[in-house]
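Please open the model in your viewer and keep the selection panel at hand.

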Amino acid sequence: MARLGDPRPQPADPRGFSMLERNEMMRQRLAKIDAARTAGEIPYPNDFQPTHTGADLMRALFAHLESHNPDRTPGPAVRMAGRVMAVNIKGKVAFLRLRDRSGPEVLRLRKEENALRVAAGLEPREEGASTFQVFFQRNEDEVLWDQMFKGDRAIDLGDILGVVGRPFRTQTGEPSLRACLTDDAGALFSGEQAGAACVRVLTKGVRPLPEKYHGLQDKETRFRQRYVDLIMNDDTREIVRRRALVVRGLRAFFDSRDYLEVETPMMHTLLGGAAARPFTTHHNALDMPLYLRIAPELHLKRLVVGGLERVYELNRNFRNEGLSQRHNPEFTMLEFYRAYATYHDLMDEVETLFAKLAVDVTGSPDLVYGTNPDGTPRQISFRAPFARVTVHEGLQRWAGVAADDVNDVVALRKRADALDLYIDPKAGLGKVQMDLFEHAAEPHLIQPTFVMDFPAEVSPLSRRKDSDPTLVDRFELYVAGMEISNAFSELNDPVDQFERFEAQLAQKAQGAEETMDMDLDYVRALEYGLPPTAGCGIGVDRLVMLLTNTESIREVILFPHMRPENRVDAGQIADVVAPDSPEGA
RNA sequence: GGGUCGGUAGCUCAGUCGGCAGAGCAGCAGACUUUUAAUCUGUGGGUCGCGGGUUCGAUUCCCGCCCGACUCACCA
């Protein structure tokens with residue numbers, strides 16, 4: 001294959017595409033890689049190991065908040081690496097802004113430092129940059145300076161650099177790494193690295209980065225090329241960090257309460273555990289169809305039958321449904337099951353969990369999510385106890401249903417018509433109740449609210465209420481109008497369960513698409529005896545949305561589902577040669 | 001699937017009531033020894049999403065298509 005820096009038109013790759021499209025900037029950068037190679041360097045070295053991060057640099061300087069500019073800074077020299085986000089050459093000195101993995105921490109440390117500065121009677125510094133600064137003075141190493149900033153190997157925005165130097169503050173007090181300022185350089189490198197330059201391009205950025213001030217805005221590009229989004233947008237990195245905190249917090253919570261984390265099959269032979277359409281796939285050797293799971297529920301309860309009295313699984317579910325701000329075809333669900341508990345016990349547990357996570361992730365049980373109708377920030381409080389309301393109460397309070405009409409399907413349909421809500425004519429009482437409830441009540445369920453006591457008809461796996469067998473011991477938790485969690489006391493009567501599966505089959509026979517299959521093995525498990533158990537599912541993506549104040553599920557999923565990008569996904573990057581190519585055309 | 005809006009330089013965007021395509025940043029050349037989105041001077045860069053139609057002439061108007069955002073439907 002031809003050298004990448006070669007500006008001439010490239011022959012098509014046998015696989016049908018050439019390696020990279022080209023524009024002028026990319027050709028310039030590719031040529032620099034060749035120039036380095038020609039100069040005898042390895043263009044993609046892997047022998048540089050940073051000793052400090054940007055956050056380490058900041059912390060190392062906390063003892064000296066004031067500006068100073070010593071010729072030699074005491075303390076050991078350090079090695080740092082990061083991507084070049086800004087270059088500012090001012091005559092014979094240069095300021096490079098680099099970012100490494102500690103960017104979010106750098107942001108926090110800047111705030112922390114300002115608090116210290118104010119306490120020490122100093123002016124606060126600008127906050128908001130997740131980068132750290134490298135200071136390079138030409139007279140430290142004129143040959144290296146010229147190589148870095150002039151000529152055929154000059155660094156570019158987006159390059160990944162390794163720098164050796166000493167922490168210091170510039171005249172204006174900016175915490176910086178002073179490149180090449182080493183009085184004991186011999187100790188910095190050994191072996192093959194001995195004599196290496198103190199500023200090195202570790203990886204050349206061939207593609208130019210988005211504009212430095214506005215950054216990358218286009219949502220499609222942000223989701224498709226998440227790597228660019230992560231390079232450019234601090235907010236995106238913060239969401240990723242918070243999501244990690246949520247996942248860590250969930251595991252810590254359940255681990256500490258003696259739950260066992262388990263993994264159950266992602267590929268199912270039967271549909272169950274939720275009302276949803278599945279993705280189907282095929283097992284070649286067994287020549288049989290398989291479903292990607294829509295829920296782990298039935299497997300987890302089998303484990304409780306087996307004596308694992310407290311289990312949880314944190315993993316993906318797949319539902320073949322439309323995409324929306326709140327729906328992605330694959331989404332992360334935490335389900336946990338606890339023997340000898342009721343759905344009331346789980347409400348208490350969920351309250352505790354959410355308050356803890358809010359504090360872990362945002363620092364407070366009170367947070368802001370979205371805006372009120374008047375445009376002001378909407379406050380949401382995860383302080384226990386959460387509001388609790390039954391479906392019947394909600395129908396009366398928000399849908400304007402008279403108490404006597406709550407179970408009157410004709411009256412309920414009349415209300416739906418009055419509210420301009422279409423409900424499937426084939427829907428039974430329970431479905432009508434829930435459609436009406438969701439339509440009328442959801443907009444009111446802003447603060448965390450447990451909606452309790454659902455119709456048995458729409459809850460084929462839930463335990464019937466002792467006081468009213470048409471209802472079940474079930475709750476859903478709503479926050480900001482979103483369903484976050486669904487839980488119930490589990491149905492452990494195998495005969496009743498068998499009959500409910502039969503009812504599902506009857507609904508399917510009548511054309512309902514989102515019904516469960518008869519799962520005889522599950523019934524068999526119940527026949528061995530499922531202890532009284534309550535189980536709960538928590539939509540992790542939506543929970544992360546709440547804790548990051550994002551309105552789209554695609555913001556909290558690193559690679560949300562997108563239509564294929566034909567050009568790339570089909571391996572058909574055109575063999576484009578820019579029209580100004582000297583030998584093109 | 002329906003509705004609305006959008007796709008213009010590497011990025012963020014403006015614009016053309018049909019007549020040589022614009023800015024800022026990035027790039028290139030230069031100045032500048034402490035900048036913070038550095039500044040200043042000069043300068044190169046375009047399949048105006050794709051295809052067809054109307055027209056002397058289409059990036060602009062018309063038709064179709066592709067892609068996206070929002071929204072409705074669907075969907076615990």
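The stops below begin at the RNA and then move to a sheet and its helices.

This is a predicted model, in which local features need pLDDT of at least 70 and side-chain atom pairs count only at pLDDT 80 or more, while totals for chains, interfaces and linings use all residues. Residues are numbered from 1 along each chain as its sequence is written, chains are lettered from A and ligands numbered from 1 in the order in which they are written, and side-chain values use heavy atoms, with hydrogens and water left out.

**RNA strand B**

The selection holds 55 residues, and the closest are Asn 88, Thr 172, Ala 275, His 327 and Arg 474. Of the RNA atoms that come within 4 Å of the protein, 51% belong to sugar and phosphate.

Arg 97 places a polar side-chain atom 2.9 Å from a base oxygen of the RNA.

**The eight-stranded sheet**

Now select the strands of the open, mixed sheet, ordered E7-E11-E12-E19-E18-E17-E16-E15. Two strands pair if DSSP finds at least two bridges between them. The edges are strand E7 (260-261) and strand E15 (387-390), each pairing on one side only.

Centre the view on strand E12 (330-339). Why is E12 described as largely enclosed by the rest of the structure? Nine of its ten residues are buried, meaning under 20% relative accessible area with a 1.4 Å probe, protein chains only. E12 pairs antiparallel with E11 over nine bridges, with Asn 317 opposite Phe 331. Seven bridges join E12 to E19, also antiparallel, and here Tyr 337 faces Gly 535.

**Helices across the sheet**

Finally, select helix H8 (residues 297-305), which lies across E11, E12, E18 and E19 at about 25 degrees to E12. Helix H10 (residues 391-398) lies across E15, E16 and E17, at about 90 degrees to E15. These angles, on a scale from 0 to 180 degrees, are taken between N-to-C directions of axes fitted to C-alpha atoms.

How values were computed:
Near = heavy atom within 4 Å. Polar contact = N/O pair within 3.5 Å; in protein donor to acceptor, adjacent residues only side chain to side chain. Helix = DSSP H or I, 4+ residues; strand = E, 2+ residues; numbered from the N terminus. Contact = heavy atoms within 4.5 Å. Buried < 20%, exposed > 50% of the residue type's maximum accessible area, 1.4 Å probe, protein only.
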